[in-house]
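Subject: Structure handover and notes

Hello,

Please find the structure below.

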Amino acid sequence: MNHYSIFELFNIGIGPSSSHTVGPMRAAYKFLNHLRQSPKLHQIDRILCLCYGSLAATGQGHGTDTAIIMGLLGELPEVVDPHQIPNRLAALSRDEILNITPEKSIHFIPSRDVDLTHFNALPLHPNGMHFMALNAQENPLEEMVIYSTGGGFISTEEELLHPKQSPSTPYPYLYSSADELVQMAKDNRVSISDIVLANESVIQPESQVRKQLNHIWDVMQQCMRNGLNAQGLLPGPLQIPRRARSMRKNLLIRGEAQLRDPLSILDWVNLYAIAVNEENAAGGRIVTAPTNGASGIIPAVLTYATKFCTSPYPDPVERFLLTAGGIAILYKKNASISGADVGCQGEVGVACSMAAAALTEYLGGTPEQIENAAEIGIEHNLGLTCDPVGGLVQIPCIERNAIASVKALNAARIALRGSGQHFVHLDKAISTMLDTGRDMQSKYKETAQGGLAVNVVNC
């Protein structure tokens, strides 16, 4: 049984999209490394990348072309400096020289060699890329088809057609369903976060797991601070002004007057999510949770928890992230976290479910209540479409994260007021989400060909 690490779901990259930016950069880097080891390296005269399906339809707005170019320049999303990307692109456009190795350079024209015109999807996933290295006669020397499957994950065509079983790891708690996860927690009288921590501690020492969790949280908080302090317009033709800084100023000015409104805390939750997602839309440093398009929900809800709630645990932040990651693994195993595959229910819906479960754990909920909260979080996002206006991760994506963050709070509150017994179980909701996504027309799945993307005039 394949098992994911939560650090595959929480990984550090750049905006605006995990499937359209982070994944393609990793794919291009993978192809570059393949070429560096090729016996035909000296014959290569040109590198070409054809993007298909959703990557073609919304690639320009999502920065797919930029990501592929940066990957071919030897950069990875977790280490690339977002501030240096414009200068690197400008230099490449000026010189039109791409260095495969220090000894091997080719002529490279970005607008020609990254092709975003193939709107029909390749067979195995809506996010497909066909990389080719050609000789001087334009004959292929090396080829690789790579799919960006959501959340920054990539797989070659060969890997999807003939998946290899992961090496057997002696996980103490190997689960493939929510029911199994809850039953294990009950039988062993441990929390959901204890189970996830025990599994992660097989891969690396527990101290390192905790250190990595705190690093993830530090990056999330820095992203939020960056979003709260930034001014100006978001990139792209929509010319959307950044709001987080002025929103925060307005909330601080109102001060004690807010206390008369019992829902005023929600203003802050909205602010936290918007700050993160504006930073993502601007191409800043981000943590996929489980994707970039839904990256504001986990940090917004966790910030709410640390500022306004009390936990019975001495390590509540780590438990929050462990639980969120454990729930995300269920979606990755049994459904999808790709908006191009199942719509935004697979991104914002999954993040809402993760955050609801994690907040319930943070507040001391039982395994049954945690599963209930996760189910509520996804059930009321079923059918959510991915219809970005202009192909940009801005409208409705930024506000959608704020709405889902508040929805996660409510899901946790409903679950905590109950016994954990409920009619629809999380496994059924996950299965339903996948079925709904498969039935959804492609124009509502990150192609910018339906919904708000066509009904809002882009002037």
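Helices (H or I, at least four residues) and strands (E, at least two) are DSSP runs, numbered from the N terminus. This is a predicted model, in which local features need pLDDT of at least 70 and side-chain atom pairs count only at pLDDT 80 or more, while totals for chains, interfaces and linings use all residues. Residues are numbered from 1 along each chain as its sequence is written, and side-chain values use heavy atoms, with hydrogens and water left out.

Backbone

E138 lies in the loop between β6 (127-134) and β7 (140-150). E138 is not a glycine, yet its phi is positive, at about 65°. Q239, in the loop between α10 (206-229) and α11 (244-254), is likewise not a glycine and has a positive phi of about 55°. For accessibility, buried means under 20% relative accessible area, exposed over 50%, and partly exposed in between (1.4 Å probe, protein chains only). E138 is partly exposed at 42%, and Q239 is partly exposed at 46%.

There are also cis peptide bonds to note. One joins G15 and P16, with omega about 5°; P16 is in the loop between β1 (12-14) and α2. Another runs from A289 to P290, with omega near 0°, and P290 sits in the loop between β9 (285-287) and α13 (297-308).

Pocket and cavities

The search used a 1 Å grid over the protein atoms alone: a cavity is a set of points where a 1.4 Å probe fits but cannot get out, a pocket is an open set with protein on both sides within 12 Å along at least five of seven lines, and lining residues have an atom within 4 Å of a point. Grid points are joined across faces, edges and corners, and a volume is the space filled by probe spheres set on the points.

The second largest pocket has a volume of about 580 Å³. It is lined by 30 residues, and the closest to its centre are P16, P235, A281, A282 and G283. Two or more lining residues come from each of α2 (18-36), α3 (54-62), α4 (64-72), α5 (85-95) and α12 (264-281). For residue classes, Ala, Val, Leu, Ile, Met, Phe, Trp, Tyr, Cys and Pro count as nonpolar, Asp, Glu, Lys and Arg as charged, and the others, Gly among them, as polar. On that basis this pocket's lining has 14 nonpolar, 14 polar and two charged residues.

Two cavities of 30 Å³ or more were counted. The largest cavity has a volume of about 140 Å³. Its lining has 16 residues, with G293, E347, C386, V393 and C397 nearest the centre. Helix α18 (residues 397-416) gives the most to this lining, three residues. By class the lining divides into seven nonpolar, five polar and four charged.

The second largest cavity has a volume of about 40 Å³. Its lining residues include A178, I192, P367, E371 and L426. At least two lining residues come from each of α8 (178-188), α14 (316-334) and α17 (367-379). Nine of the lining residues are nonpolar, none is polar and one is charged.

Helix α17

What encloses α17? Its buried residues are covered by elements including α8, α9 (192-203), α14, α16 (348-362), α18 and α19 (426-439). Twelve of its 13 residues are buried, so α17 is largely enclosed by the rest of the structure. P367 and E371 are among the buried ones.

Cores

A nonpolar core is a set of buried Ala, Val, Leu, Ile, Met, Phe, Trp, Tyr and Cys residues joined through side-chain atoms within 4.5 Å. The largest has 75 residues, and those with the most contacts inside it are F10, M220, I298, F320, L321, Y331 and L426. The largest share of this core, eleven residues, comes from α16. A second, separate core of 34 residues includes I44, I85, L92 and I106.

Contact means heavy atoms within 4.5 Å. Leaving aside neighbours within four places in sequence, F10 has contacts that include I216, M220, A289, I298, L321 and M354.

I403 is found in helix α18 and is exposed, with a relative accessible area of 54%. Its C-alpha is 8.9 Å from that of I297, although I403 and I297 are 106 residues apart in sequence.

Regards
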